[in-house]
Amino acid sequence: MLSTMQDVPLLVSRILQHGMTIHGSSQVSTWTGEPEPQRRSFAEIGTRTHRLAHALRDELGVRQDERVATLMWNNAEHVEAYFAIPSMGAVLHTLNLRLPPEQLVFIVNHAADRVVFVNGSLLPLLVPLLPHLPTVEHVIVSGPGDRSGLEALPVRVHDYEDLIADRPTAYPWPELDERQAAAMCYTSGTTGDPKGVVYSHRSIYLHSMQVNMTESMGLTGRDTTLVVVPQFHVNAWGLPHATFMTGVNMLMPDRFLQPGPLAEMIEREKPSHAAAVPTIWQGLLAEVTANPRDLSSMKQVTIGGSACPPALMEAYDRLGVRLCHAWGMTETSPLGTMAHPPAGLTAEEEWPYRLTQGRFPAGVEARLVGPGGDVLPWDGASAGELEVRGNWIAAAYYNGDGAEPLRPEDKFSADGWLKTGDVGVISADGYLTLTDRAKDVIKSGGEWISSVELENALMAHPDVAEAAVVAVPDEKWGERPLATVVLKPGSTVDYDALRAFLGETIAKWQLPERWTVIDAVPKTSVGKFDKKVIRKQYADGALEVTTLG
Ligand code: AMP
């Protein structure tokens, strides 16, 4: 028998309508480099969103299901695009501005974007690509920038403010099917072509509710969140949508992502929360160590995207800032786990829980699958590949207009779970600890060595700024770890001392023989260690490696 309850589609337009009315006085503040940030209330953003939808439909002819791209920093205008495009029934396609040009060209052509929003400061990136983007007909430019390069190109150029001025302020949002596409992000594509994950209105709505739960980020209208994680990186981890549900103020750094300006905006605007990958927090820590600043307004920081080194968490504890570890992927919207310890523990007892990737929320089911395909127990010891399913987890990848979605076997199990490619263990009470990426784990003499464990141990050494460990071929053992280390300025530590330091916490047979000092760990477009670059440098003989006896 069916229920007697109403069934109202879970739509992005409903989140917008709620935010702009019930939380109309909450604010998005965008850093401009000027003494005062640009401030815009949710009510103003809402009105401008309605105008923008009118402009897109009435002037540019944007249709339902059409992908509309953004090449933008985190700012108020990007939030407006976030709400206008899906609410009118089109699909927001955020472009990762740090990708190599050929990948951006692939992605825009694959999505067949006809309209691109761009920040004026990013025109030097877009203009050279445009001759290779035959589907693009309209470029909407927001903010100052040199527009002259656009004149000779066969595109119509619109100024964002001119485009939305004098438009009607009430757009009749269509009553869409909640399973329809609302937004898409391509994965960063470390292997093969980038793949498009398409979020639905329903998945965004449910994910936003999860982000708002106390067991996740748990923010309220009394909070301000500093959204450092880019809006093109899995929808800024869901924050723009989640904040419109609960009236959380957003502080947007725009292009000012260097440690100095970040420290300044924290000190001046006093956000209570922030979200970013570990590289950002490493950089900020170095900055405030050199030039002390007060970061203590940030009561909670969500850190994820790659493993948070324990030493980093400890250093921020000392500054009065609590880093809370989270795990997720483009394919998981991204919220998968968050590491809030169980109730009733002392700070010392909480520590091991805080170092895990965290606990699964009710909406995400998880299982570990061993090398032989068997489902492993949650005993904190059996390591396998993590598989997940739930209503904000991808079931397939976009395969072009009208084509059947892609379901590669290495990404989806026969019974429909997402294979994450992450290897780890789960404790009986549901805390996930990742030990590696499936492709980064070091297989030495039939045993697995965790590259992450070695990296964390190395980064706990006072002379080490960063360290990445990769598997390299070894005649005797199959593979062995290569430690690549970035030393802090002025350090004189040697490899024997580093190995002895590792030996205090790590089994002897796992200690690396091969060592090299590098200037910086190569990073991917979203700030993760790019281990394939290190493996290639090693294979090409480009690294000066010392082998200890
Ligand atoms: P992306 O789709 O670019 O966000 O990348 C997702 C991948 O980032 C995951 O599959 C993990 O390998 C990695 N990742 C994300 N969060 C964490 C974390 N807290 N600890 C370790 N790895 C993480």
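Reply: We begin with accessibility: buried means under 20% relative accessible area, exposed over 50%, and partly exposed in between, with a 1.4 Å probe and protein chains only. By this scale Ala507 is partly exposed, because its relative accessible area is 36%. This is a predicted model, in which local features need pLDDT of at least 70 and side-chain atom pairs count only at pLDDT 80 or more, while totals for chains, interfaces and linings use all residues. Residues are numbered from 1 along each chain as its sequence is written, and side-chain values use heavy atoms, with hydrogens and water left out.

Me: Where does Ala507 lie?

Reply: Helices (H or I, at least four residues) and strands (E, at least two) are DSSP runs, numbered from the N terminus. Ala507 belongs to the loop between helix H15 (495–503) and strand E25 (514–517). From Asp193 it is separated by 314 residues in sequence and by 38 Å in space, C-alpha to C-alpha.

Me: How many residues surround the ligand?

Reply: A residue is near a molecule if one of its heavy atoms lies within 4 Å of it. Here 16 residues surround the ligand, and the closest are Ala326, Thr330, Gln357, Asp422 and Lys528. By class, the shell has 5 nonpolar, 8 polar and 3 charged residues. Ala, Val, Leu, Ile, Met, Phe, Trp, Tyr, Cys and Pro count as nonpolar, Asp, Glu, Lys and Arg as charged, and the others, Gly among them, as polar.

Me: Which polar atoms of the protein lie by the ligand?

Reply: A polar contact is a pair of N or O atoms within 3.5 Å; within protein, one must be able to donate a hydrogen and the other to accept it, and residues adjacent in sequence count only if both atoms are side-chain atoms. A backbone N or O atom of Gly305 is 3.0 Å from a nitrogen atom of the ligand. In the side chain of Thr330, an N or O atom lies 2.7 Å from a ligand oxygen atom; for the side chain of Asp422, the corresponding distance to an oxygen atom of the ligand is 2.6 Å. The protein covers 89% of the 500 Å² of accessible area that the ligand has on its own, with areas computed by the Shrake-Rupley method. Strand E14 (322–328) and strand E20 (431–437) each give two or more residues to the shell, and E14 gives the most, with 4 residues.

Me: Is Glu466 buried or exposed?

Reply: Glu466, in strand E23 (residues 464–474), counts as buried because its relative accessibility is 12%. Its side chain makes a polar contact of 3.3 Å with that of Lys523. Contact in general means heavy atoms within 4.5 Å; beyond four places in sequence, Glu466 touches residues including Thr279, Met459 and Phe529.

Me: How many disulfides does the structure have?

Reply: A disulfide is a covalent bond between the sulfur atoms of two cysteines. The criterion is a pair of cysteine sulfur atoms within 2.5 Å, and a search of the whole structure finds 0. The sulfur of Cys308 is 10.0 Å from the closest cysteine sulfur, in Cys324, and is therefore too far for a bond.

Me: What backbone geometry deserves attention?

Reply: Most residues other than glycine have a negative phi, and most peptide bonds are trans. Asp65 has a positive phi of about 75°. A cis peptide bond, with omega about 10°, joins Ser333 and Pro334.

Conventions. Areas by Shrake-Rupley, 256 points an atom, 1.4 Å probe, with all protein chains shown as cover.
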